[in-house]
Structures are given as structure tokens and as C-alpha cells.
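Please examine the sequence and the structure shown below.

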Amino acid sequence: MGGPRVVAFGGGHGLAAALAAWRRLTTELTAVVTVADDGGSSGRIRREMPVLPPGDLRMALAALAGEEPARQEMARLLQHRLGGTGVLAGHPVGNLLLTGLVELHGGDTVRALDAVAGMVGACGRVLPMADVPLDLVARVETADPDDPARTRTIRGQVAIASTPGRVREILVSPADPPVHPDVLAAIAAADVVSLGPGSWYTSVLPHLLVPRLRRALAETPARVVVVLNLEPQPGETDGFSPEEHLRVLQAHLDGVALHTVIADAESVVDRCGLLSAVRECGAELVLAPVAELDGQPRHDPARLAAAMAPVAGLRERGGVRSGTEVPGRYEGER
């Protein structure tokens with residue numbers, strides 16, 4: 001199919017949703033995935049083995065799997081969690097497969113990812129955002145008025161996501177991790193770079209906190225596109241409006257030029273407020289129906305792809321479901 005060169009940043013279900021949409025428009029697709037997960041199977045593996053946490057990488061590979069039955073069965077195997085009550089209980093098969101391949105290839109995570117991409121017939125490539133595991137460190141303002149230490153420092157992705165209170169600052173440790181050359185090359189060659197949807201503080205913003213990534217994003221000629229969440233993330237952005245999400249993002253751009261913001265038309269209460277925030281970023285706003293029709297707070301891949309297509313300089317094409325509404329657009333300052 002070809003298409004524009006797209007680099008999608010994120011992690012978890014949010015990145016999977018973006019990839020499900022982008023793959024309808026292009027096969028020139030690179031997922032750059034967060035490596036800060038410290039919970040569940042990924043947390044267990046990173047504590048026991050000198051490897052990157054594999055969970056978000058596995059999810060991205062599954063999202064890009066080919067459509068042939070054998071490829072889809074392989075993708076389901078990657079996502080399958082082992083049962084029972086023993087030491088392997090709860091581990092997705094893909095996490096163990098990736099960990100084994102990294103060990104087989106002498107610690108080369110990218111080679112292992114490319115191998116699994118071949119197994120699932122991935123319509124794109126999956127790369128880690130850094131070559132070493134990252135820890136997230138947040139300054140959280142607690143909600144308890146009787147707490148004398150209203151601001152606390154919380155370490156770890158899971159702890160940050162589950163700590164009551166509003167996140168005021170997020171950092172990565174180490175502060176300047178190494179980044180694989182293939183990631184920087186993909187950003188430099190991209191036509192479009194996308195951020196979001198996803199957990200704002202733990203999946204989206206961390207990419208902008210890595211100096212080498214932020215510098216590459218500031219220098220790329222690609223259009224930088226942000227897909228806003230459909231609703232606030234419990235434990236991270238409780239009570240945040242779409243414009244608050246955007247203002248937090250803007251505070252972390254640090255030289256990265258934002259071109260387009262995509263938001264679900266039904267999820268935006270204050271359209272004028274959001275438009276004002278978008279204009280403050282020097283970007284344009286695309287309001288479109290991008291949520292699932294069943295009312296669940298999930299992005300519909302076909303509807304999101306229809307909103308993304310003109311942003312990427314494309315007309316709606318065969319991969320986008322016919323009958324999808326044409327997105328409305330407010331032009332911001334460029």
C-alpha cells in the first residue's frame with residue numbers, strides 16, 4: 001500500500017488504537033514505544049532480567065499484525081496470558097517470547113522486535129523509545145488538605161497512575177538515556193509524527209522528556225499530530241478538560257512544533273476553550289467523530305483514520321470504511 005511515513009509515539013492501549021487507525025492509511029509505519037512499565041508481567045521480567053519491559057512493545061506488535069488468519073492467530077498467541085497459579089501465571093506469551101529472543105540475540109532488543117514483527121507479518125516496525133529501561137518520577141499534589149506535605153515525589157509508572165492527587169511534574173530516570181539510531185532516523189525521515197491517545201503522564205509525555213527524542217522531534221520536518229483522549233485518565237488526569245491536556249502537553253514541547261490536534265467532537269464541551277488552547281500552540285484543530293459508536297470511551301479505528309487522512313495529506317482511501325463522516329476543522333494559526 002505504501003503511503004506517508006508515519007512515526008507513532010505512545011504505549012499500551014492508546015498506542016494500539018493509534019496504530020489500528022494509521023495502518024489503514026499507510027504501511028510506512030514505525031511505532032516508538034515507552035519502556036517505563038514496572039507493573040504486572042513487564043515489571044516482574046524487568047526486575048529479574050536485564051531487558052526492557054516487553055508489555056507495551058508486545059501490544060504494538062499485535063496491533064500491527066497482518067490480517068491473514070495465520071498472522072492473526074500468532075498475534076492472539078502473543079497476547080494470550082498463561083493461566084494457573086505457578087511462577088508463569090499471568091505472563092503473556094509474547095512477553096516471554098520477546099525476552100527469550102533478546103537473550104538469544106545477545107541483548108539486541110531491536111533485532112528481537114524485528115524477528116517477532118516477521119512472525120506476525122507486521123505492517124510496520126516497532127522500536128523502543130530508549131535502549132535502557134526507564135523509571136518515571138512524578139511530583140504529585142495530594143488531595144488531603146490536612147496533609148502537611150501536600151506535594152509528594154512518587155517513583156514508578158504504576159505508583160504514579162494509582163496515587164491520588166494531581167500530577168504537577170513528571171521526569172524520566174535516567175535523564176538522558178541512549179536512543180537507538182533507527183528511532184532517530186525514522187523521526188528524521190517522517191512525514192507525520194503522532195502523539196496520543198493514551199495515559200498522558202505515563203505514556204505520552206515521557207517521549208518529550210528524553211533529550212535525544214525531543215531534539216529529533218524539534219528538528220524533523222514532519223507534521224506533528226496529537227490525538228486527544230476521549231476522557232480523563234483515572235489517577236493521572238482526573239477532572240482534566242481537553243484543553244488542560246493540551247496545555248500540559250504544550251508545557252513539555254520545548255521547541256517541538258505542533259501542527260494538528262485531533263479531538264472527538266462529542267467529547268469536547270468547551271469548543272472555544274479548546275480552540276484557544278490549540279491556537280496558543282500555533283496549531284489547527286480537527287473536530288471529528290472518532291469514538292466508538294457504542295458510546296464506550298474508545299477510539300474507532302476507521303473513524304480515527306478518516307480524521308487522520310487529510311492531516312497526512314491523503315484522501316479517504318480503500319482502507320477507511322465508507323460512510324465515515326468527514327471531519328470538521330477549525331483552522332488555527334500556523
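Between domain 2 and domain 3, four residue pairs are in polar contact, both residues being at pLDDT 80 or more. A polar contact is a pair of N or O atoms within 3.5 Å; within protein, one must be able to donate a hydrogen and the other to accept it, and residues adjacent in sequence count only if both atoms are side-chain atoms. The model is predicted: local features need pLDDT of at least 70, side-chain atom pairs count only at pLDDT 80 or more, and totals for chains, interfaces and linings use all residues. Residues are numbered from 1 along each chain as its sequence is written, and side-chain values use heavy atoms, with hydrogens and water left out.

One salt bridge (a side-chain nitrogen of Lys or Arg within 4 Å of a carboxyl oxygen of Asp or Glu) crosses the interface of domain 2 and domain 3. Arg-46 pairs in a salt bridge with Asp-135, and their closest N and O atoms lie 3.2 Å apart.

The domain assignment, automatic or from a database, places residues 35–128 in domain 2, 135–171 in domain 3, and 1–33 + 174–315 in domain 1. The contact (heavy atoms within 4.5 Å) draws five residues from domain 2 and five residues from domain 3.
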